[in-house]
Amino acid sequence: MNEEFQPLGFFPADILLPRAADMTRWAVVACDQFTSQPEYWQAVEDTVGDAPSALRLILPEARLNEPDVDEKIRRINETMDAYLKGSVFRTLENTLLYIERTQSDGKIRRGLIGMVDLERYDYTPGSGALIRATEGTVLARIPPRVKVRREAPIELPHVMLLIDDPAGTVIEPLAEKKAEMEQIYAFPLMQGGGRVAGWRMTPGQMAGAAGALAALADPGETERKYGLPGAAPMLFAVGDGNHSLAAAKACYEELKQQTPQERWADLPARYALVEVVNNHDDALQFSPIHRCLFGVEPQAVLTALREYYQGAFEGRGPGHVIAYTAQGCSGTITVPNPRCQLAVGTLQEFLDAYLKDHGGTLDYIHGDDVADRLGSQPGNLAFKLPPMEKEQLFKTVMADGVLPRKTFSMGHAQDKRYYVEARRIR
């Protein structure tokens with residue numbers, strides 16, 4: 001295995017791609033999207049028809065709780081075997097792919113496809129691992145995904161890892177070197193997903209990427225960038241697909257119990273295929289996720305918030321400023337000298353305590369207009385949070401452990417990762 005990648009926990013992979021498929025019908029959006037829109041997945045079915053497709057190799061989460069889910073998983077595994085035996089795939093050995101995804105807004109998001117060592121990943125809050133979750137992992141969401149992966153001979157990833165590279169040293173230089181690479185695919189994505197193109201990097205380019213990643217992981221660079229002396233470097237933050245990565249980790253841990261330790265490094269399931277994206281890519285947009293309370297007395301909640309934090313006051317000032325909308329009124333509350341890095345952490349701590357003691361329900365809302373509309377209805381109260389600056393992400397995870405749940409959203413559903421590449425895991 002490439003020695004220059006060993007300290008990074010990220011490696012070139014033996015990547016499976018279709019030999020001769022209609023790639024638009026092959027590529028399918030991440031399984032955790034459009035979960036409340038069965039019509040979307042029916043449209044995908046209609047588009048795919050009987051063509052070879054990643055749709056036959058994944059289980060959309062919209063169908064995860066259907067009564068015949070075990071039969072669906074069995075058919076998926078059988079199809080994986082059939083595709084492998086039927087020469088649907090070709091293998092690009094020891095490969096990193098450079099990809100360009102043209103989003104629905106026309107912006108181009110750049111990334112690298114490779115694999116990570118699950119020994120270097122830990123979703124436990126406060127972990128010092130090189131690869132960490134950004135938000136709290138819901139343990140109850142892991143077993144259903146383990147069920148899908150446990151007997152699967154191959155994996156298809158929708159995991160997106162972020163690197164904190166404001167100078168653009170790792171991925172961005174590759175955009176000017178595409179002429180030196182072999183283009184592997186370029187095609188439009190179904191259902192308004194834009195386009196995607198992929199190139200196979202040269203050995204020299206892979207070595208250059210490894211060197212640039214190593215510089216980001218240097219402890220001295222970590223201290224300089226974040227002002228956190230002695231903090232363990234975090235090279236990768238999981239931006240999307242954390243529960244799928246956690247399921248991969250769980251399956252690997254199961255195999256470790258059945259395998260002599262000296263053979264762990266040879267287990268294909270020790271690794272997981274991912275896309276790496278620069279946190280500072282202009283096409284990657286962070287949108288705040290607002291909060292709306294239902295079945296509450298808004299003024300009582302606002303009074304309780306001001307009382308919960310010493311010195312909190314109505315209006316704007318230094319500290320965490322949180323906007324609100326209720327029936328007939330709107331405004332802001334400032335919490336000075338906050339304990340958390342982000343306003344969402346300050347608000348969520350209060351909301352968890354208030355709802356536990358006083359009742360009411362909470363929902364997570366995308367968009368200022370939706371939050372204002374819901375908050376202005378009787379018995380509701382919406383809190384609108386400021387956007388998180390990209391520079392805050394890594395430092396907050398390193399300082400606070402993980403972000404509060406539902407802190408931010410990355411892009412629209414149709415701009416999420418599509419399943420294109422695969423890799424053997426058994």
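Which helix gives the largest share of the lining of the largest cavity? Helix 7 does, with four residues. The views below look inside this predicted model.

**View 1. The largest cavity in the structure.** Here we look into a space of about 410 Å³. Its lining is made of 27 residues, and Val148, Arg149, Leu156, Ser244 and Tyr419 are the closest to the centre. Besides helix 7, the elements that each bring two or more residues to this lining are helix 3 (69-85), helix 4 (142-149), strand 9 (154-155) and strand 14 (271-278). Sorted by class, the lining has 20 nonpolar, three polar and four charged residues. In the whole structure there are four cavities of 30 Å³ or more.

**View 2. The largest pocket.** Now we turn to a pocket that holds about 1100 Å³ of space. Of its 34 lining residues, Asp32, Gln33, Arg141, Asp240 and Lys406 lie nearest the centre. Two or more residues of the lining come from each of strand 13 (236-240), helix 7 (242-257), strand 19 (361-366) and strand 21 (408-410). The classes here are 14 polar, 11 charged and nine nonpolar residues.

**View 3. Leu161 in the largest nonpolar core.** This core has 96 residues, and Phe10 and Leu161 touch the most other members. Leaving aside residues up to four places away in sequence, Leu161 is in contact with several residues, among them Val116, Ile131, Phe236, Leu245 and Val274. Glu275 and Gly239 are also among the residues that Leu161 touches.

How values were computed
Residues numbered from 1 in each chain as written. Predicted model: local features only at pLDDT ≥ 70, side-chain atom pairs only at ≥ 80, totals over all residues. Heavy atoms only, no water. Core = buried A, V, L, I, M, F, W, Y, C linked by side-chain atoms within 4.5 Å. Buried < 20%, exposed > 50% of the residue type's maximum accessible area, 1.4 Å probe, protein only. Contact = heavy atoms within 4.5 Å. 1 Å grid on protein atoms, 1.4 Å probe; cavity = no way out; pocket = protein on both sides within 12 Å on 5 of 7 lines; lining within 4 Å. Points joined across faces, edges and corners; volume = space filled by probe spheres on them. Nonpolar A, V, L, I, M, F, W, Y, C, P; charged D, E, K, R; others polar.
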